[in-house]
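Welcome to this short tour.

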Amino acid sequence: MQETWTLTLPSTEKPTSQELKQVLTVNEKDLGIFLSYYFKKEGALAEKVNLGSEINFKDESSGDFELEFDLVHYNACLAIHDQKRDQMKITFEIENDKLNLKGPYWPEREMDEI
């Protein structure tokens, strides 16, 4: 499984690190949804997402960075409410006023044989 997410950039020019930081801050809730897809089988949600490293440009339209977030496991029936700080490396590409984010590849387990 590898999740992707697209955010809209405010200008037509190639954005700077500072402008990307601002876009990530404004879209904190969307980033939480994006990261939560990785933990849905655990029943966890990602909240309070923020930039955990500097933005590293590989060229003028791609690069990577790390996001930090609270990973919250909650189940009222089992009286579980755990929260821990976690981080994930995200790669990005910029094309046509869009910031395309791509998370890490996590292989999914195949069905067991009977």
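Does Phe92 count as buried or exposed? Select Phe92 and look around the side chain before reading on. Phe92 counts as buried, because its relative accessibility is 2% and the limit for that label is under 20%. Keep in mind during the whole tour that this is a predicted model.

**Stop 1: around Phe92**

Colour strand E5, where Phe92 has its place. Now show the residues that touch Phe92, leaving aside its neighbours within four places in sequence: among them are Leu20, Ile55, Phe57 and Phe65, as well as Leu99, Asn100 and Leu101. The list also includes Ser61, Ser62, Gly63 and Asp64. For a sense of distance, pick the C-alpha atoms of Phe92 and Glu28: they are separated by 16 Å, and the two residues lie 64 apart along the chain.

**Stop 2: the whole protein**

Zoom out and switch to a cartoon view. Following the sequence, they come in the pattern β-α-α-β-β-β-β-β. The C-alpha atoms fill a box of roughly 50 × 35 × 20 Å along the principal axes. Of the 114 residues, 33% count as buried. Contacts between residues at least 6 apart in sequence are worth a thought here too: 56% of them join residues at least 24 apart.

**Stop 3: the nonpolar core**

Which residues have the most contacts inside the largest nonpolar core? Select Leu35, Leu99 and Leu101; the core they belong to has 25 residues. At least two residues of this core come from each of strand E1 (4-8), helix H1 (17-26), helix H2 (28-36), strand E2 (44-51), E4, strand E5 (80-95) and strand E6 (98-102). Stay with Leu35 and show what it touches beyond its neighbours within four places in sequence: Ala46, Val49, Leu67, Phe69, Met88 and Ile90.

**Stop 4: His73**

Next, go to strand E4 (residues 62-75) and pick out His73. Which side chain does His73 join through a polar contact of 3.1 Å? Glu42 is the partner. Besides Glu42, His73 touches Gly43, Ala44, Ile80, His81 and Asp82, not counting residues up to four places away in sequence.

**Stop 5: the largest pocket**

Glu42 leads on to another place, as it is one of the residues lining the largest pocket. The pocket has a volume of about 180 Å³. If you colour its lining by residue class, you will get 6 nonpolar, no polar and 4 charged residues.

**Stop 6: the loop between E5 and E6**

Finish at Asn96, in the loop between E5 and E6. Most residues other than glycine have a negative phi. Asn96, however, has a positive phi of about 50° although it is not a glycine. Asp97 lies in the loop between E5 and E6 as well, and its phi is also positive, near 60°. Asp97 counts as partly exposed, at 29% relative accessibility.

Definitions and conventions. Residues are numbered from 1 along each chain as its sequence is written. This is a predicted model: local features need pLDDT of at least 70, side-chain atom pairs count only at pLDDT 80 or more; totals for chains, interfaces and linings use all residues. Side-chain values use heavy atoms; hydrogens and water are left out. Helices (H or I, at least four residues) and strands (E, at least two) are DSSP runs, numbered from the N terminus. A polar contact is a pair of N or O atoms within 3.5 Å; within protein, one must be able to donate a hydrogen and the other to accept it, and residues adjacent in sequence count only if both atoms are side-chain atoms. Contact means heavy atoms within 4.5 Å. On a 1 Å grid over the protein atoms alone, a cavity is a set of points where a 1.4 Å probe fits but cannot get out, and a pocket is an open set with protein on both sides within 12 Å along at least five of seven lines; lining residues have an atom within 4 Å of a point. Grid points are joined across faces, edges and corners, and a volume is the space filled by probe spheres set on the points. Ala, Val, Leu, Ile, Met, Phe, Trp, Tyr, Cys and Pro count as nonpolar, Asp, Glu, Lys and Arg as charged, and the others, Gly among them, as polar. A nonpolar core is a set of buried Ala, Val, Leu, Ile, Met, Phe, Trp, Tyr and Cys residues joined through side-chain atoms within 4.5 Å. Buried means under 20% relative accessible area, exposed over 50%, partly exposed in between (1.4 Å probe, protein chains only).
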